[in-house]
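Please keep the viewer open as you read.

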Amino acid sequence: MSIGDTIPLLTLITALHPGIVAVCAGAIGACVGSFLNVCIHRLPKGQSVVTPSSRCACGEPIPFWLNLPLLGWVILRGKANCCGAKISVRYPVIELLTALAFAAAIVYLPTSKALIGWVFLSLLILLSACDLEEMLVPDAPNFALVGLGLAFSILTPSLQGESSELVDLTNRLHALSDSLFGIAVGTATVWWIRTIATAVMGQEAMGEADIILCAGVGAFCGWQGALFCLFGGAVIGVILKLPSLLRISSPRKGSESVPFVPSMAIAATLWFFKGPVLVSAWFEWVGY
Ligand SMILES: [Zn+2]
């Protein structure tokens, strides 16, 4: 039995109109995005994500009706009610992104994989935003990615491409070994590239967070996913960096390094939704 068979609610979800399902998933995603915003703000500073309740930078608690995901920011038009301070556009952007990710997962993926995807994509959004905003990737959600990838592989072996029809111990062990191998490949590949690049460039290339992230993607997506996350992430990183590389004026200080976590997260998301299709399209394109 996989997660998909054990929860009758999932059968109900699948029976509903896809539009209703997408809207509900989006609403849940927006709420989760709202919590992610709290985590993005507090985790890199080592603060608790549970207490105290949401408050403005001036210290005033924010009433729940102004804290509604997406709507709160729109009602306030980006300005705090208490002191008029500007509220970062990051808040509605994260909420919208999470809402779209949740809706896309439930529409395009089998239900059990979609629910796992909600956890996977939420963690990727959290880690990317921390890297972009603070240049500091917290360890806890990064290691959680690795642990949860292993756990979900055992619970729902179809995550690793095992049959979802007949799930037995053999299936679970296969999925577990795929997940472990993904972690090993992800860790080893980034570690080697990091070591060589650091030696060649004479300064630290990539961070430990990149190793853990790639291991986590390997835990969820297997070894091919880990490799795609790394090399696809590098390509995406270069594409995102192109505008500032082409700019003739001297780049402002600090814009030298590319936050690699968001690029890897985009690649991992592509793989989670369309992995095998991407590979066969590639082989077709290069003429195999
Ligand atoms: Zn305030």
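## About the model

This is a predicted model, in which local features need pLDDT of at least 70 and side-chain atom pairs count only at pLDDT 80 or more, while totals for chains, interfaces and linings use all residues. Residues are numbered from 1 along each chain as its sequence is written.

The pLDDT (the predictor's confidence in each residue, from 0 to 100) averages 87 over the chain, and 92% of the residues score at least 70.

## Overall layout

The chain holds 10 helices and zero strands; these are DSSP runs numbered from the N terminus, with helices being H or I of at least four residues and strands being E of at least two. Along the sequence the pattern reads α-α-α-α-α-α-α-α-α-α.

A compact globule of 288 residues would have a radius of gyration near 19 Å, and the chain agrees with its 20 Å. This radius is taken over C-alpha atoms, and the globule rule is 2.2 Å times the number of residues to the power 0.38. Along the principal axes, the C-alpha atoms fill a box of roughly 60 × 55 × 35 Å.

## Helix α7 and its partners

Helix α6 (residues 111–134) packs on helix α7 (residues 139–155) at about 165 degrees, with their axes 10 Å apart. Axes here are lines fitted to C-alpha atoms, for helices over the stretch in contact, and angles run from 0 to 180 degrees between N-to-C directions. The two helices are therefore roughly antiparallel to each other; angles over 145 degrees count as such, under 35 as roughly parallel, 65 to 115 as roughly perpendicular and the rest as oblique. The crossing of α6 and α7 is left-handed, a term for a near helix turned anticlockwise from the far one by less than a right angle, with clockwise giving right-handed. From α6, I116, V119, L123, L126 and L127 meet P141, N142, A144, L145, L148 and F152 of α7; two residues are in contact if their C-beta atoms, placed from the backbone, lie within 7 Å. This contact has 10 nonpolar, one polar and no charged residues, where Ala, Val, Leu, Ile, Met, Phe, Trp, Tyr, Cys and Pro count as nonpolar, Asp, Glu, Lys and Arg as charged, and the others, Gly among them, as polar.

Helix α7 also packs on helix α9 (residues 208–246), at about 20 degrees and with the axes 7 Å apart. That makes α7 roughly parallel to α9, and α7 passes α9 in a left-handed crossing. On the α7 side the contact uses N142, F143, L145, V146, G149 and L150, and on the α9 side A209, I212, L213, A215, G216, A219 and F220. These residues divide into 10 nonpolar, three polar and no charged.

## Helix α3 against α6

Helices α3 and α6 pack at about 35 degrees, with axes 10 Å apart, and their crossing is right-handed. Here V32, L36, C39 and I40 of α3 meet S122, I125, L126, A129, C130 and E133 of α6. The contact divides into eight nonpolar residues, one polar and one charged.

## The loop between α3 and α4

Which peptide bond is cis, with omega near -10 degrees? The bond from T51 to P52 is, and P52 is found in the loop between α3 (18–42) and α4 (71–76). L70 lies in the loop between α3 and α4 and has a positive phi of about 60 degrees, although L70 is not a glycine.
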